[in-house]
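This report goes through one structure, part by part. Please look at the sequence and the 3D view before reading on.

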Amino acid sequence: MSGFWQDATERLRANPTAVAALLLMSLVMLLSIVGPWFSPNSAEALDWTQVASSPGLQHAHWFGTDRLGRDLFVRTLAGTRVSLAIGLVATLVSLVVGISYGAIAGYVGGRTDHLMMRLIEILSGLPLIFFVIFLTVIFGRGPALLFFTIGAIGWLTMARIVRGQTLSIRQREFIEAAIASGAGTPRIIVKHVIPNLIGPVIVYATLTVPQIILFESFLSFLGLGIQEPRASLGTLIAAGAGEMEAAPWILLVPGGVLAALLLCLNIFGDGLRDALDVKER
Amino acid sequence: MIGYFFKRLAGAIPTLLIIITATFFLMRAAPGGPFDQEQTLPPEIVANLQSAYGLDQPIWTQYGRYLGSLLHGDFGPSFKYKDFTVTELIAQGFPVTLELGVIAILLALLIGIPLGIYAALRHNLAADHASMSVAVIGIAVPSFVVLPFLGLVFGIKLHWLPVAGWEPDSLRYLVLPVIALALPPLAYIARMTRGSLLEVMRSDFIRTARAKGLPLHSIVLTHALRPALLPVAGYLVPAVAAIMTGSLVVESIAGLPGIGRYLVQGALNRDYTLVLGMVIIYSTLLIGMGLLVDLLYVWLDPRVRQQ
């Protein structure tokens with residue numbers, strides 16, 4: 001097993017784009033956590049002397065301010081932190097649900113599998129946005145709900161991938177050995193199936209994070225996600241899109257950060273897939 | 001083959017019914033109602049409104065009535081747009097949304113597939129790396145960032161195209177929204193085409209074709225392309241879903257009078273019938289696309305025909 005990981009790390013290191021993406025991504029993450037401490041401005045303070053001022057070094061707001069005079073740099077970092085947190089937590093939710101669901105369906109098989117996959121098929125037939133809109137409408141808007149709802153829909157593809165992998169793992173000798181030595185189904189799934197899923201799961205999880213960040217920004221853009229005065233990248237972009245003509249930087253700063261973050265996550269995920277040699281589908 | 005198609009068609013009906021039922025009861029489970037406004041109405045008026053719309057009936061009666069009117073092609077009255085029925089609202093907005101979506105998906109296919117082929121034939125050369133890097137950008141950057149950016153460059157700076165707005169029969173207003181909407185699926189299709197074409201080009205029957213001395217273009221176009229397009233066909237349903245979702249924001253940024261706005265507004269206003277109508281339209285489109293893809297599979301992969 002350790003040889004496998006060493007090989008994978010080496011292959012990843014040999015991929016300069018993926019390494020660059022990882023570094024840039026880590027920098028953005030680090031900045032979003034510690035950056036606000038190093039700025040004299042706060043994310044919610046209004047500076048009425050500098051309303052919608054353009055980026056520049058002549059005042060304290062290097063990346064400019066928004067329509068209410070709030071520092072765009074600090075706000076974008078705070079928004080990035082919210083978006084990242086949602087991306088990571090919702091991915092975790094989708095991991096837990098998707099792995100358990102997919103492993104059970106794939107391992108138990110037969111009628112159970114058929115029924116469980118049919119449910120996924122029906123759920124995937126709906127544009128996911130409907131679910132989230134309904135859930136936000138029913139339970140009200142808030143970050144806690146966002147974690148849950150986005151994670152709750154993100155598990156569908158994960159479950160499919162896990163099921164496919166489980167189907168082939170089930171045929172392997174070590175499973176037969178486990179059955180022969182008297183292990184029960186739950187024990188086999190937890191101890192023998194799930195640990196062997198780790199490669200494709202890691203790759204797909206890395207590619208899920210940008211999808212969820214994108215989805216969260218999309219919801220926040222529609223006004224269904226994070227609410228003022230809190231910010232996520234989506235709400236900042238929504239605000240910026242309205243000011244494009246007079247103050248394009250209000251759009252370009254958070255938009256650029258979101259684009260860079262998603263780009264890095266995607267490139268890194270692709271690199272990881274090549275390194276771990278995971279086949280798509 | 002035809003029997004198979006009808007079997008799939010029959011299978012789509014329960015799916016649609018489940019979707020309608022789930023939406024109906026989920027919407028009703030939400031707190032609040034369509035007549036909650038900023039100034040509270042006197043209870044007598046609310047009671048009158050509710051009975052006028054049949055909302056005072058038991059929920060199962062309402063459900064039955066709704067399904068009954070659906071069978072007659074009637075989506076019911078809108079609760080918020082009082083002078084309109086849902087059918088009228090959808091009939092007004094849907095052509096715009098459809099035009100936007102159809103052009104976007106065609107653009108994604110007509111540029112994405114050739115780009116993927118080109119990249120595959122230039123495998124590991126500069127042109128391949130360049131087009132695939134651009135494709136990653138296309139996948140990663142969301143339409144609600146691309147569209148305002150395009151508007152900034154081509155609308156505000158260069159004055160070539162309108163930033164937002166709409167005139168019937170004028171395609172000028174659709175150019176930027178279509179590009180923003182088509183970019184992610186275009187990039188994705190290009191990447192998929194490249195990947196699967198590379199895989200097909202390594203297979204035995206292609207080696208045979210090469211050994212026969214066929215020119216490259218005929219190997220690719222008559223032998224390799226059809227099997228290579230199978231995953232692309234499979235991606236069409238998610239692509240349509242992505243374009244639908246994308247058009248929700250693109251329409252609002254570009255000020256297009258499509259139906260995108262009704263979904264979110266309708267859900268927030270508890271405009272039950274409007275939301276149901278939207279869900280039905282969107283899911284029917286998706287399910288229909290799924291059926292179309294099944295037919296495409298038959299054409300692309302002769303093995304399916306024998307099953």
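## Two helices in chain B

At roughly what angle do the axes of helix H7 (residues 175-201) of chain B and helix H10 (residues 230-254) of chain B cross? In this predicted model, the axes of H7(B) and H10(B) cross at roughly 160°, and they come within 8 Å of each other. Angles over 145 degrees count as roughly antiparallel, and H7(B) and H10(B) are therefore roughly antiparallel to each other. The crossing in which H7(B) passes H10(B) is right-handed.

Residues from both helices form this contact. On the H7(B) side they include Leu176(B), Ala180(B), Pro184(B), Tyr188(B), Met192(B) and Ser196(B). On the H10(B) side, Pro231(B), Tyr235(B), Ala239(B), Ile243(B), Gly246(B) and Val250(B) are among them. Sorted by class, the contact of H7(B) with H10(B) has 17 nonpolar residues, four polar residues and no charged ones.

## Chain B as a whole

Among the contacts in chain B with a separation of 6 or more, 74% are between residues 24 or more positions apart.

## Where chain A touches chain B

How many residues of chain A are in contact with chain B? The number is 30, and they are in contact with 34 residues of chain B. On the chain A side, the elements that give two or more residues are helix H4 (110-125), helix H5 (128-139), helix H9 (198-221), helix H10 (233-242) and helix H11 (249-276) of chain A.

H11(A) provides the largest share of that side, with eight residues. By class, the side of chain A that touches chain B has 25 nonpolar, four polar and one charged residues.

## An open helix in chain A

Is helix H7 (residues 173-180) of chain A largely buried or in the open? Of its eight residues, the number buried is zero, so H7(A) lies largely in the open. Gly182(A) follows H7(A), and the phi of Gly182(A) is positive, near 90°.

Conventions. Residues numbered from 1 in each chain as written. Chains lettered and ligands numbered in written order. Predicted model: local features only at pLDDT ≥ 70, side-chain atom pairs only at ≥ 80, totals over all residues. Axes fitted to C-alpha atoms, helices over the stretch in contact; angles between N-to-C directions. Helix = DSSP H or I, 4+ residues; strand = E, 2+ residues; numbered from the N terminus. Parallel < 35°, antiparallel > 145°, perpendicular 65-115°, else oblique. Left-handed = near helix turned anticlockwise from the far one by under 90°. Contact = placed C-beta atoms within 7 Å. Nonpolar A, V, L, I, M, F, W, Y, C, P; charged D, E, K, R; others polar. Buried ≥ 20, exposed ≤ 12 C-beta atoms within 10 Å, placed from the backbone.
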